[in-house]
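Thanks for coming, everyone. Please take a look at the model on the screen, and then I'll walk you through it.

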Amino acid sequence: MKGFVKRLLGSRWLKWAVVVIAVGIGAYEIDIEWNQVHHALLQIGLLASFEALLVLLVMQFATLRQWQALLAGLGSPLRTTTAGRIFFIGQLGKYIPGSVWPVLTQMELGARANVPRSRSAGASILTMILSLATGLLVAAATLPFAHYSADYDWVFILVPVILVCLYPRVLNPLLNWLFKLTKRPGLDQPVTLTMLSKALAWSFLAWIANGVQIWILAEKLGAPVGRTIPIALGGYAFAWCVGFVIIFAPAGAGFRDALLVAVLAPVLAHSPALALALVSRAVNTISDLLVAGAAAFRRPRPSSREAAADVPAPAPVAPDPAPADPVSSKLTHGTPTGDRP
């Protein structure tokens, strides 16, 4: 029985079933309130959607720099163009059910740039962990200023735990235990406070951009500016974190959107909030495709360090044989054909 449950939980069919159910519930919600949702979509407009997209491109760059800083700290510094090619194309794997596909894709793409697979996997996993931790910190820091419901007070209890776990002396043993648990090689270099501080700074910038995106869309729907800003920052971060841990859903599809509608309830009615969630999902997907497409079509020029790693060592050249003595050659082998005495 236990083996059957384990196989069932790991089944790809179950993952797709959860995705289909989540998307189906979302489609049903849109269908029954289509008139109000359609009106809200028109109210948001293309200009606000484009502004939200531009802000999300800032988020994409900040997340790339976070991953790049971690990879450099682990011993593989890369040019931004090379790092972008690996990171952004690999990130498309999040649209497949399961959390491992971005990591696996980035491992293979990184190997082509002479980055050890274990190192790129470590940077990718660290990026996920830091994004989740900083997302919860942003939620805990902003939602109280919105006088939010006490239903989410448990998030704030996690703050001291997260801060302690981010300290290198605590984080490194935890990471080694995690890699050992997943039967993967550990980090060949420990996480330092310097690399961690750089990555955290970029991560917080990414969360600010995410929140600004929600605020731009909510403001077009008539949400009050003052109260919407902390809800946009913390509410979206909280919804993303919950959607992230639900590994069955690709990119948190369905679950993140439903929770985003719920956290926006103090400032937006259900139908406008649902329209906002749809637009947010759309511009997020477009931003993922844009940066991945730009990374795929722009061939990165390797840096001198990368180029040196790519150039194979020259093969040893055998010394030229000493010229044979023509007299001794004739005495030994006779007169060659065509020679005249």
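One definition to begin with: angles between axes under 35 degrees count as roughly parallel, over 145 as roughly antiparallel, 65 to 115 as roughly perpendicular, and the rest as oblique. The axes are lines fitted to C-alpha atoms, for helices over the stretch in contact, and the angles run from 0 to 180 degrees between N-to-C directions.

Now, where does this come from? This is a predicted model, where local features need pLDDT of at least 70 and side-chain atom pairs count only at pLDDT 80 or more, while totals for chains, interfaces and linings use all residues. Residues are numbered from 1 along each chain as its sequence is written, and side-chain values use heavy atoms, with hydrogens and water left out.

The overview first. The protein chain has 14 helices and zero strands. Helices here are DSSP runs of H or I with at least four residues, strands are E runs of at least two, and numbering starts at the N terminus. Of the chain's 341 residues, 43% count as buried. Buried means under 20% relative accessible area, exposed means over 50%, and partly exposed is in between, using a 1.4 Å probe on protein chains only. Next, contacts, meaning heavy atoms within 4.5 Å. Among contacts with a separation of 6 or more, 75% join residues 24 or more positions apart.

Let's go to a helix pair. How do α11 and α12 cross? Their axes come within 9 Å and cross at roughly 140°. The two helices are therefore oblique to each other. On the α11 side, the meeting residues are R256, D257, L260 and V261. On the α12 side, they are H270, A273, L274, L276, A277, R281 and N284.

Two names in that list belong together. D257 forms a salt bridge with R281, with the closest N and O atoms 3.1 Å apart. D257 lies in α11, residues 255–263, and R281 in α12, residues 270–297, so the pair ties together parts that are 24 residues apart in sequence. Both D257 and R281 are buried. A salt bridge here is a side-chain nitrogen of Lys or Arg within 4 Å of a carboxyl oxygen of Asp or Glu.

How many salt bridges does the structure hold? Two. The other partners are E108 and R117, again with the closest N and O atoms 3.1 Å apart. E108 is partly exposed, at 39% relative accessible area. R117 is partly exposed as well, at 41%.

Staying in that part of the chain, look at N114. N114 sits in the loop between α5, residues 101–112, and α6. Its phi is near 65°, a positive value in a residue other than glycine. Most residues other than glycine have a negative phi. N114 is partly exposed, with a relative accessible area of 41%.

From α4, the contact uses R85, I86, F87, I89, G90 and Q91. From α5, it uses P102, T105, Q106, L109 and G110.

T134 is in helix α6, residues 117–142. Is T134 buried or exposed? Buried, with a relative accessible area of 0%. Its side chain reaches the backbone oxygen of L130 at 2.7 Å. Leaving out residues up to four places away, T134 touches L200, S203, F204 and W207.

T63 is in helix α3, residues 34–73. T63 is buried too, at 14%. A polar atom of its side chain lies 2.9 Å from the backbone oxygen of M59. Beyond its neighbours within four places in sequence, T63 is in contact with F87 and A206.

Last stop, Q213, in helix α9, residues 193–220. Q213 is buried, with a relative accessible area of 0%. Residues up to four places away aside, Q213 touches A52, V55, L56, Y236, S280, V283 and N284. And N284 is also on the α12 side of the pair with α11. That's the tour.

Definitions and conventions. A polar contact is a pair of N or O atoms within 3.5 Å; within protein, one must be able to donate a hydrogen and the other to accept it, and residues adjacent in sequence count only if both atoms are side-chain atoms.
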